[in-house]
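Got the sequence and the fold up on your screen? Let's take a walk through it, one stop at a time.

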Amino acid sequence: MSQFNTGFLEVICGPMFCGKTEELIRRVRRAIIAKKQVLVFKHQLDTRYVKRNLMSHSKISHRSKVVKSAKDILKKITPRTQVVAIDEAMLFGTELITVVEKLVNQGKRVIVSGLSSTFDAQPFEPIPSLMAVADRVDKLSAVCNNCGKEAIFHKKLTNNHIDALAITAKHVGEKDIYEARCRQCFNLD
Ligand code: ADP
Ligand code: MG
Ligand code: ZN
């Protein structure tokens, strides 16, 4: 357990539908069983399902604190906080990188989950930078909705004219807008 006293950064990433939120909630539940002081955060832009809860596509949920920015996370942390979990990292932008580094340097276990790439398969900050400095990275894959193989990307089905790198609620996955795709099927319509 001494690894967590010196701070520890875990990144859970991959495309939409790969199970990032489920895995984040699994780790949070285990930390609570271990009687750790846990704080769970979601961004105000993520308004899917229940406003205050993290919720997976499979309807697994957990209470969370809703914040407007990465700096607001820092305001809610106390010296007693041991584990900090943050979902949908891309909604916080690059400001999240310094906030996470600060928390890890304070000795916290920080678990961050988010998209590793955009719907047009470009690296999507802040996850790539956080992966580089993490103690542990889990890059999950979804099931390709076209052929059933391992999907490392997600693809936008409708043309809603959003910039792939924009910080917008439109990046939080819904099945009528996005599909998980393997490398081969990503290039098909
Ligand atoms: P993420 O946070 O990565 O978008 P969630 O944790 O919210 O993913 O949801 C994962 C769940 O989504 C899976 O356990 C499964 O029930 C469901 N699901 C729906 N479509 C897919 C898909 N194409 N591949 C894998 N899981 C899917
Ligand atoms: Mg999710
Ligand atoms: Zn495929």
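Does glutamate 88 count as buried or exposed? Keep in mind that this is a predicted model, so the answer is a computed one, with buried meaning under 20% relative accessible area. Glutamate 88 comes out at 7% relative accessibility, so it counts as buried. You'll find this residue in the loop between strand S6 (83-86) and helix H4 (95-105).

Under "binding site", the unreviewed UniProt entry lists Gly14, Pro15, Met16, Phe17, Cys18, Gly19, Lys20 and Thr21. Take Gly14 from that list: glycine 14 belongs to strand S1, which covers residues 8-14. Its relative accessible area is 0%, so glycine 14 is buried.

Now hop over to strand S7 (residues 109-115), where leucine 115 sits. With a relative accessible area of 1%, leucine 115 is buried. If you trace from leucine 115 to leucine 24, you cover 91 residues in sequence, while the C-alpha to C-alpha distance in space is 13 Å.

Last stop, the surface. Here Arg52, Arg63, Lys65 and Lys76 gather in a patch of positive charge. Pick out Lys65 from that group: lysine 65 is part of strand S5 (residues 65-67).

Technical notes:
Residues numbered from 1 in each chain as written. Chains lettered and ligands numbered in written order. Predicted model: local features only at pLDDT ≥ 70, side-chain atom pairs only at ≥ 80, totals over all residues. Heavy atoms only, no water. Patch = residues over 30% accessible without salt bridge, like charges linked within 9 Å, V, L, I, M, F, W, Y side chains within 5 Å. Areas by Shrake-Rupley, 256 points an atom, 1.4 Å probe, with all protein chains shown as cover. Salt bridge = Lys/Arg side-chain N within 4 Å of Asp/Glu carboxyl O. Lys, Arg positive; Asp, Glu negative; His and termini not counted. Charge placed at Lys NZ, Arg CZ, Asp CG, Glu CD. Helix = DSSP H or I, 4+ residues; strand = E, 2+ residues; numbered from the N terminus. Buried < 20%, exposed > 50% of the residue type's maximum accessible area, 1.4 Å probe, protein only. UniProt positions renumbered as here; feature names shortened; annotations may be inferred.
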